[in-house]
Amino acid sequence: MFMRKSVTLAVLILAGAVCLNAADIAGKWTAQFDSQVGVQKYTFDFTVDGSKLTGKAISNIGGAVAQTDIQEGKINGDEISFVENLKYQEMDLRIVYKGKVSGDEIKFSRTVADAGGEEFVAKRAK
């Protein structure tokens with residue numbers, strides 16, 4: 001009897017830990033923000049597997065549309081991070097994103113090619 005209660009308690013604790021470790025961000029999120037190259041519009045289509053984040057980043061920068069795979073994606077509680085390797089005007093840019101999830105918003109900061117960057121909010125697509 002004691003063993004069964006111990007196993008049940010352990011399962012409940014692990015289930016709670018998994019819930020605390022992964023924010024519910026699967027699906028599409030949209031954002032629009034100003035940058036050094038003008039207004040950028042993004043759709044992020046996130047796929048989540050435990051603490052691993054993958055998916056696509058679809059950008060529209062001044063009419064130039066690109067779709068890139070999300071790489072190095074991680075989820076830790078309500079914090080996420082990933083990399084977008086974007087080819088823009090014949091330049092290969094490594095863009096690093098860090099975000100904090102709060103309900104249907106993600107507050108992002110991003111660094112472009114180890115230089116400047118932006119802060120913006122993405123919202124869950126309806």
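Strands are DSSP runs of E with at least two residues, helices are runs of H or I with at least four, and both are numbered from the N terminus. Two strands pair if DSSP finds at least two bridges between them. This is a predicted model, where local features need pLDDT of at least 70, side-chain atom pairs count only at pLDDT 80 or more, and totals for chains, interfaces and linings use all residues. Residues are numbered from 1 along each chain as its sequence is written, and side-chain values use heavy atoms, with hydrogens and water left out.

**View 1. Strand β1 and its partner β8.** Here T30 sits opposite K123 of β8. The two strands, with β8 covering residues 117-124, run antiparallel and share two bridges.

View 2. A31 has Y42 in β2 as its bridge partner.

**View 3. E84, a charged residue tucked inside.** You'll find E84 in strand β5 (residues 79-88). E84 is buried but makes no salt bridge, and R110, the nearest side chain of opposite charge, is 4.3 Å away. (Buried means under 20% relative accessible area, using a 1.4 Å probe and protein chains only; a salt bridge puts a side-chain nitrogen of Lys or Arg within 4 Å of a carboxyl oxygen of Asp or Glu; Lys and Arg count as positive, Asp and Glu as negative, while His and the chain ends are not counted.)

Notes:
Buried < 20%, exposed > 50% of the residue type's maximum accessible area, 1.4 Å probe, protein only.
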